[in-house]
Amino acid sequence: MSSTLEKPQIIAHIQKSLNYTVFDSRWIPCSAKFVCMGNFARGTGVIQIYEIQQGELQLVKEIEKAKPIKCGTFGATSLQQRHLATGDFDGSLNVWNLEMPECPVYSVKAHKEIINSIDGVGGLGIGDGAPEIVTGSRDGTVKVWDSRQKDTPVVNMEPMEGETKRDCWTVAFGHAFNDQDRCVCAGYDNGDIKLFDLRNMSLRWETNIRNGVCSVEFDRKDINMNKLVATSLEGKFHVFDMRTQHPTNGFASVSEKAHKSTVWQVRHLPQNRDIFMTAGGAGNLHLWKYEYPAQRTKKDADNVDMGVAGSVNLLQNVTLSTQPISSLDWSPDKQGLCVCSSFDQSVRVLIVTKLNTV
Amino acid sequence: MPLIVRDHTWTQNQNTVYISVPLKGVKTANVHVICTDEYLKVSFPPFLFEIFLFGPINEEKSEARIGNGVAVFTLQKRTDELWEQLFTNIDKDKQKHIREQAILKVQEKEAEKSKAKATRIQQEKKYALETMMKLENEERDRIQKMKDEECAKATAQLDFWRETQRKTAEENENQQKLQRTGTNNNQLVYQKTERANATPAVTLLHNTGNTTSGQISRKQKPKDLPAPRSAGCIKISFTPRVFPTALRESRVPEEEEWLKKQAEARRAVDTDLAELSDLKEEERNPDWLKEKGDKLFMAGNYLAAVNAYNLAIKLNRKIPALFSNRAACHLKLRNLHKAIEDSSQALELLTPAVAANAPARLKAHVRRGTAFCELELYVEGLQDYQAALDIDPHNVALQADTDKIREIIQGTT
C-alpha cells in the first residue's frame, strides 16, 4: 500500500462548472490566476479570469468578444506586460492587455479559417530572440507573427500551388536557444508532422504518423531541441528524440498507446522536462516519465549517427470527467499545480503531488 | 422379512429401564433406532427388534449406546413405577398405528434438525459477509483519509504560496511608489546595469524575479530585441498516399477488397471448354478479345463486337469491363433487356464501391439508365441516373439528362 501512495497523486483540488464551452485555459505567469477562453451559446467569444482563493475560484473579470476564441498563449509577452495572444474562430489573431481589454494591442486577420492552435516564444524571460507568435489554422497554413510588424506574417508556411490542403491542428515552438535559431513544429490532420527551421527558412524534417496529430510540444522551448511529443487520434502518442537527426531515418521515436481514445493534449512539466501529462478523450489524464536510454546515439550500418529512443513509464492516471479534456496547462510558478478544462463545460484545478521525488 | 430378535435382556429400577439387545455381528454403522414415547424399534438388517413399551418413557432424556456387539438403551420412565413386563400386548391395528406415528415423528424431527442447520449456516454466512464488508470499508476509509490529508496539505501549501505572492506584489508596489517619489538617477543607472548583466536564463519566474523586475522604474526602456525577422515563405507538400485521404477518412478495407478482386479476376481464366481447342493462342486471351471488341464497337460493327465480348466472357466471367462494354453494344443494337442485364452484371462485379472503380460504375449506371428510359421505365432510369450523378456531381450533361427524365415523369403522372 505504501508504494502506491509514494507515486505522484493527481488530486482534483477545485472544480468549477461554467456556462459556456471552454476551449483553452492558461495560467497568468507569476500569479495565482488563470484565464479560460471559449464561446457562449449565443455565439460570442469569452475570456474569463479566475483567481484561487481559499479553495474556491473567484471570477475576477469577464470579457466578451464578438467571435468565439479557440486558443491563447502568454508565450510571447514580457513578464511585466502579460498580454494574452488569442486565436479565434474567424481566423483573427489578437493580443490583449487584460487590464484594458476593449481594444487589442495587436490585431490581424491571420487566416481564412479557424485558428486551431497558437504558441508564443521569446517572452516571459524564457529564451532569446524576438518574441514571436505562431498560428496554425484549418486553411492548412502556419504563420509566424511579430507584434512589431503589422498585417503580414514574418514567416508563412503554406501548401504549394494546386496541393490539396490539410488542416493544421497544432503548432509548437522549439529550439530557441539563441537569438537566431528557432524551430516551428506543426501537426496536421492527415498525420503529417513537419519541422520548420526558421533560421534557414526551410523544412528541416517531416514524417507521417498515420493518424491525425492533435498536439505537439517540445519539452523545452529555449534549449537545443531535446524531445518532441506528438499525440494523435486513436490513443497513440510518439516521443521523438530530437538530438540526433539521421539523414534518411530522421529522428528516433518511441510510441505508446494509452487512453483508448484521442489524446487531445500533451504538456511537459515546466520544472522537469522529462515528465509530461497527456489528456485523453475519455476525460482521463495520464502522467508519464521519459527514461533516457543508456546511449542516446548509435552508429548505423554506414557509420552515420542515429538516435536511440528511450522508454516512457506511466506514473499515474486519473479519470476526471466523461468528456474529453481539451486543454491542460502547468503553472510555471508552483510545481504540480495545473489547470485543465474539458468539454463538459467545466474547469478544474489539479494538484499533482510528489513530483520532486519522482 | 427381517428376523425378529427376541433374545434381548432388560432390567429396571424406579425411574429407568435398561434394555440390552445383542447385535449378532452386525456393524454398529448399520444399526438404525427409532424411539418414541411408547415404542422402540431397532433395525439392523437382517434383524429387527421392536417393542411396545409397557409405560410411557421420556424419549428425549433416554439414551442409547451402541457398540461392542450390543445396543444398550437407557430409557427414562415418565412415571416412577415399576413395570411388570417390558412390553404391552396390544392388537395389530394399534400396533400399526403406533408404528406409523413413530415414523412420522422421526421424520418431523429430521426435518426440524435440517431446517435448524440451514438457518444456522445462513446466519454464519451473513455474519462472515458483514465482517468482510466492515473490513473492506475500513480499508477504504483509511485510504480516503490518507488522500484527504494529502489534499489538505497541498491546499495549505497553495494558500501559503499565494499569500507570499500577494505580499511580494504589495511590496513591489510600495517600492515602486517610493522610487517614483524619490527620483534618484544614480539608483536608476545602477539598476539598469544590474538588469543588463543578469542573463534571461535566470529563473525570473520566482518571487525573486518579481522583486528585481518590480524595482525597475517604468521609465526604463525594454532591453534591445532583435529586429523582426525578414519575411520568408516556406512551401510545403503533404504526404502522398496511394489513396489520398487521411487514415481516419480512408476506406482501406474496401479499397483492398477491390484490389484483391481485380487481381483474382485477372487470374480466373476458365479454359476447359471444348470449343477452345480450335482457337488460336491469342484468341484465348480475354484482354486481346476485349480490345478486339472495342475496336469493332468503334468501327460500328456491333454484332461482331458482341461476339468478341461473348467469347471473352466465356473465358473469364469476372471482368466487369466486358459486361459493361457488351451492354453498350446491346444498347446500340437496341437489345434493351440484354443491355440492362449486362450492365447489372457489371455493377455487381464492381462492388465494393471505391474511388478506383468510380468511372466504370458511372458508365454502367448511365448505360442501364438509358436502357430503362428507352423501355419507358422512367422511374428506374431516373434511379440509375441519380446514382451516376452521385458519383460525378459536376457532369453537366448528366444533370441535363436527369432533369429531362424527371420532367417526363412529372409530365406523365
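## Salt bridges in the predicted model

The structure holds 32 salt bridges over all chains. The model is a predicted one. Side chains of opposite charge can pair when their charged atoms come close.

In chain A, a salt bridge joins A:Asp24 to A:Arg26, with 3.7 Å between the closest N and O atoms. A:Asp24 has a relative accessibility of 5% and therefore counts as buried. A:Arg26 is likewise buried, because its relative accessible area of 13% falls under 20%. A:Asp24 and A:Arg26 also belong to a network of salt bridges that includes A:Asp329.

## Two pairs within chain B

Which parts of chain B are tied together by the pair B:Asp37 and B:Arg78? The side chains of these two residues meet in a salt bridge, at 2.2 Å from N to O. B:Asp37 lies in the loop between strand E4 (32-35) and strand E5 (39-44) of chain B, while B:Arg78 lies in the loop between strand E8 (70-77) and H1 of chain B. The pair therefore ties together parts that are 41 residues apart in sequence. B:Arg78 has a relative accessibility of 44%, so this residue counts as partly exposed.

A further salt bridge brings together the side chains of B:Asp294 and B:Lys290, at 3.3 Å from N to O. Both residues belong to helix H5 (residues 286-299) of chain B. Because B:Asp294 and B:Lys290 are four residues apart in this helix, about one helical turn separates them. B:Asp294 is partly exposed, with a relative accessible area of 22%. B:Lys290 is also partly exposed, with a value of 23%.

## The composition of chain B

Chain B has 413 residues, and buried residues make up 30% of them. The chain contains 11 helices and nine strands. Among its contacts between residues at least 6 apart in sequence, 56% join residues at least 24 apart.

## The interface of chain B and chain A

How many residues of each chain take part in the contact between chain B and chain A? On the side of chain B there are 42 residues, in contact with 66 residues of chain A. The area buried between the two chains is about 4600 Å², and carbon and sulfur atoms give 60% of that area. Three residues, B:Arg229, B:Ile234 and B:Phe238, supply 19% of the area that chain B buries against chain A, more than any other three residues.

Across this interface there are two salt bridges. In one salt bridge, the side chains of A:Glu158 and B:Lys235 meet at 2.6 Å from N to O. On chain B, the elements that give two or more residues to the side touching chain A are helix H1 (92-181), helix H3 (207-215) and strand E9 (232-236). The largest share, 15 residues, comes from H1(B). By class, the side of chain B that touches chain A has 21 nonpolar, 10 polar and 11 charged residues.

## Strands that pair across the chains

Strand pairing also links the two chains. Strand E13 (residues 155-159) of chain A is joined to E9(B) by five bridges, and the two strands run parallel. Within this pairing, A:Pro159 has B:Ile236 of E9(B) as its bridge partner.

## A covered strand in chain A

Is strand E19 (residues 227-232) of chain A mostly covered or mostly uncovered? The strand is mostly covered, since six of its six residues are buried, that is, under 20% relative accessible area. In a regular strand the side chains alternate between the two faces of the sheet. Both faces of E19(A) are covered: A:Lys227, A:Val229 and A:Thr231 are buried on one side, and A:Leu228, A:Ala230 and A:Ser232 are buried on the other.

E19(A) pairs with two strands of chain A. Five bridges join it to strand E18 (residues 213-218), in the antiparallel sense, and A:Glu217 has A:Val229 of E19(A) as its bridge partner. Strand E20 (residues 236-246) of chain A also pairs with E19(A) over five bridges and in the antiparallel sense. Here the bridge partner of A:Lys227 is A:Asp241 of E20(A). The hairpin of E19(A) and E20(A) has three residues between the strands, and A:Glu234 takes a positive phi near 60° in this hairpin.

Technical notes: Residues are numbered from 1 along each chain as its sequence is written. Chains are lettered from A and ligands numbered from 1 in the order in which they are written. This is a predicted model: local features need pLDDT of at least 70, side-chain atom pairs count only at pLDDT 80 or more; totals for chains, interfaces and linings use all residues. Side-chain values use heavy atoms; hydrogens and water are left out. Contact means heavy atoms within 4.5 Å. Buried area is the accessible area (1.4 Å probe) that two parts lose on being put together, summed over both. A salt bridge is a side-chain nitrogen of Lys or Arg within 4 Å of a carboxyl oxygen of Asp or Glu. Ala, Val, Leu, Ile, Met, Phe, Trp, Tyr, Cys and Pro count as nonpolar, Asp, Glu, Lys and Arg as charged, and the others, Gly among them, as polar. Two strands pair if DSSP finds at least two bridges between them. Buried means under 20% relative accessible area, exposed over 50%, partly exposed in between (1.4 Å probe, protein chains only).
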